[in-house]
Amino acid sequence: MSVLSARPSSRLLRASASLLLAAATAFAAPLALAKDPAPSASASRHDTAAIHYRTTSVDGVEIFYREAGPRDAPVLLLLHGFPTSSQMYRDLIPRLADRYRVIAPDYPGFGRSAMPAPAQFDYSFDHYAVLMDKFTQQLELPRYALYLMDYGAPVGFRLASQHPERVSALIVQNGNAYEEGIGKFWDPIKAYWNDNSAENREHIRKAALTPDGTRWQYLHGEPDPTLVSPDAYALDQAYLDRPGNTDIQLAMIYDYRNNLPKYPQWQAYFRKYQPPTLVIWGKNDQIFLVAGAEPYRRDNPKAEVHLLDAGHFALETQSPQIAKLIREFLAKH
């Protein structure tokens, strides 16, 4: 009998059909799940929030900023600290961008913003505040909540006290406005303020602008330093190591002396306007002591104060908890 003339029995055909149907059913189930999965209880819009990386020119200076969230949502302006940039908010932004328009700029001399030479640009907190004010106007942000960390505090408190009608709320994370927050860490810096000598400049450079100093700021006070990404302080150091950046950072550290005399002015703003205030503090911080957190309630009794088991850069290990606190706080205000 030839192969062409051979015909399988009907019983064999039925058996083969049954096997094919069973195989198809077995493969179809996982394929259907992969194509159309059931909604996950943990899924949320912030998992896929797109972050845009933009630049704009303010007074002829290119300002880099990160932006995410709906353009018609309430605005949250994130002002970064030293020695970092808007990159410190890389984990926080997507956790908030489903509900808020989140914007995080870099100051001149930091991150991806322009780095004009000190001879051509006034590196001071007063000037940073002026530029950030113009930045908000240029982006048409008439009202916003402020997240202030480290250097962001003196910049943001200038904005808030000069334009209280624009600020809907304050979120202060290890950002100082009280003498109680200034400890022994600042003694060498105060010596530099009193004597801007080459010797003191070199001492501050070695302490604050070297890889060891940058790494210390991130790791000191963290219960589990292995949770801190080394990419964060490596990136900050790469920016610090750019030719000419040392002079910029020394100018800003020297100008910080002009912030302390403004503490009473900012405290008067807290008392008069009672802005909704959320204070989040890495309680193990040695740069700005935890003693600087509680006084915010002295001038604004309704301020919320939360102490976290973290160091100066609390966002590195506490981003989910901080995002939760912010969402709960802003939902009330």
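Biologist: Leaving aside neighbours within four places in sequence, which residues is Leu170 in contact with?

Modeller: Leu170 is in contact with Leu146, Leu148, Phe157, Ala160, Tyr269, Phe270, Pro275, Pro276, Thr277, Leu278 and Phe329. Contact here means heavy atoms within 4.5 Å. This is a predicted model, with local features needing pLDDT of at least 70 and side-chain atom pairs counting only at pLDDT 80 or more, while totals for chains, interfaces and linings use all residues. Residues are numbered from 1 along each chain as its sequence is written, and side-chain values use heavy atoms, with hydrogens and water left out.

Biologist: Which residues touch the most other members of the largest nonpolar core?

Modeller: Phe157 and Leu170, out of 60 residues in that core. A nonpolar core is a set of buried Ala, Val, Leu, Ile, Met, Phe, Trp, Tyr and Cys residues joined through side-chain atoms within 4.5 Å. There is also a second, separate core of 34 residues, with Ile171, Tyr218, Phe313 and Leu325 among them.

Biologist: Switching to H6. Which residues of H6 are buried?

Modeller: Asn200, Ile204 and Ala208 are buried in helix H6, which covers residues 198–208. Buried means under 20% relative accessible area, exposed over 50%, and partly exposed in between, with a 1.4 Å probe and protein chains only. Helices (H or I, at least four residues) and strands (E, at least two) are DSSP runs numbered from the N terminus.

Biologist: Why do those three count as being on the same side of H6?

Modeller: Because they cover an arc of only 45 degrees around the axis. The arc is that of the directions from the helix axis to the C-beta atoms.

Biologist: And which residues are exposed on the other side of H6?

Modeller: Ala198, Glu199 and Lys206.

Biologist: What do the buried residues of H6 pack against?

Modeller: Three helices: H5 (187–194), H7 (211–219) and H9 (245–255).

Biologist: Now Asp133. Buried or exposed?

Modeller: Asp133 has a relative accessible area of 12%, so it is buried. It sits in helix H3, residues 125–138.

Biologist: What is Asp133 in contact with, leaving aside neighbours within four places in sequence?

Modeller: Asp133 is in contact with Leu159, His163 and Arg166.

Biologist: Backbone next. Which peptide bond is cis, with omega near 0 degrees?

Modeller: The one from Phe82 to Pro83. Pro83 is in the loop that runs between strand E3 (75–79) and helix H2 (93–96).

Biologist: What about Asn174, what is its phi?

Modeller: Positive, about 50 degrees, although Asn174 is not a glycine. Asn174 is placed in the loop between E6 and H5.

Biologist: Is Asn174 buried or exposed?

Modeller: Asn174 has a relative accessible area of 0%, so it counts as buried.

Biologist: And what is phi for Gln274?

Modeller: Phi of Gln274 is near 45 degrees, a positive value in a residue other than glycine.

Biologist: Where is Gln274?

Modeller: Gln274 is in the loop between helix H10 (263–273) and strand E7 (277–282).

Biologist: How does Gln274 count by relative accessibility?

Modeller: Gln274 is at 32% relative accessibility, so it counts as partly exposed.
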